Amino acid sequence: MTITIYGIKSCSTMKKAFTKLDELNISYDFHDYKKQGIDKETVQRWVDDLGIDKVLNKRGTTWRKLTDEQKQAADANIDNAIDLLVENTSMIKRPIVEGQIDEKNQGQPILLCGFDEAVFDKVFS
């Protein structure tokens with residue numbers, strides 16, 4: 001089993017996800033956007049699989065601080081939105097959990113966005 005959880009360590013939603021994974025005895029690697037950044041190819045893969053509306057957090061302060069022109073550019077073009085996410089990782093919905101659990105999913109990849117305890121229970125129990 002190889003799981004990576006992406007996010008920002010100080011985020012309260014991340015703390016819930018860490019606690020849940022620990023409770024379920026799921027080992028994981030943590031990728032901290034603030035320290036490690038994120039590459040465009042990874043964000044592109046997430047957007048391709050989940051959709052921009054799922055990955056881009058428009059409820060946070062980082063989005064609200066953008067200029068109207070930046071918001072319009074992101075809304076008009078997915079490539080612009082992805083570039084903004086790479087530059088402003090705080091706008092990526094947290095956590096993103098990516099990996100593979102061989103036993104449970106017959107080798108199928110896992111890609112979760114956001115924390116939903118019921119979903120974590122279903123996927124990792």
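Colleague: What is the mean pLDDT of the protein chain?
Modeller: The model is predicted, and the mean pLDDT of the protein chain is 92. Of its residues, 94% reach 70 or more.

Colleague: Which elements have the lowest and the highest mean pLDDT?
Modeller: Helix 8, residues 102-105, has the lowest at 56. Helix 3, residues 40-50, has the highest at 97.

Colleague: How should I treat low values?
Modeller: Where pLDDT is low, the predicted coordinates should not be read in detail.

Colleague: Switching to packing. How many residues are in the largest nonpolar core?
Modeller: It has 22 residues. Y33, V43, W46, L85, I92 and I96 have the most contacts inside it.

Colleague: Which elements give two or more residues to this core?
Modeller: Helix 3, helix 4 (52-55), helix 7 (78-87) and strand 4 (109-113). Helix 7 gives the largest share, four residues.

Colleague: And V43, what is in contact with it, leaving aside neighbours within four places in sequence?
Modeller: On that basis V43 touches I38, I82, L85, V86 and I92.

Colleague: Now pockets. What volume does the largest one have?
Modeller: About 280 Å³.

Colleague: Which residues line it?
Modeller: The lining of the largest pocket is C11, T13, D53, K54, L56, N57, K58, R59, K93, R94 and F115.

Colleague: How does that lining split by class?
Modeller: Six of the lining residues are charged, three are nonpolar and two are polar.

Methods: Residues numbered from 1 in each chain as written. Predicted model: local features only at pLDDT ≥ 70, side-chain atom pairs only at ≥ 80, totals over all residues. Heavy atoms only, no water. 1 Å grid on protein atoms, 1.4 Å probe; cavity = no way out; pocket = protein on both sides within 12 Å on 5 of 7 lines; lining within 4 Å. Points joined across faces, edges and corners; volume = space filled by probe spheres on them. Nonpolar A, V, L, I, M, F, W, Y, C, P; charged D, E, K, R; others polar. pLDDT = per-residue confidence, 0-100. Core = buried A, V, L, I, M, F, W, Y, C linked by side-chain atoms within 4.5 Å. Buried < 20%, exposed > 50% of the residue type's maximum accessible area, 1.4 Å probe, protein only. Contact = heavy atoms within 4.5 Å.
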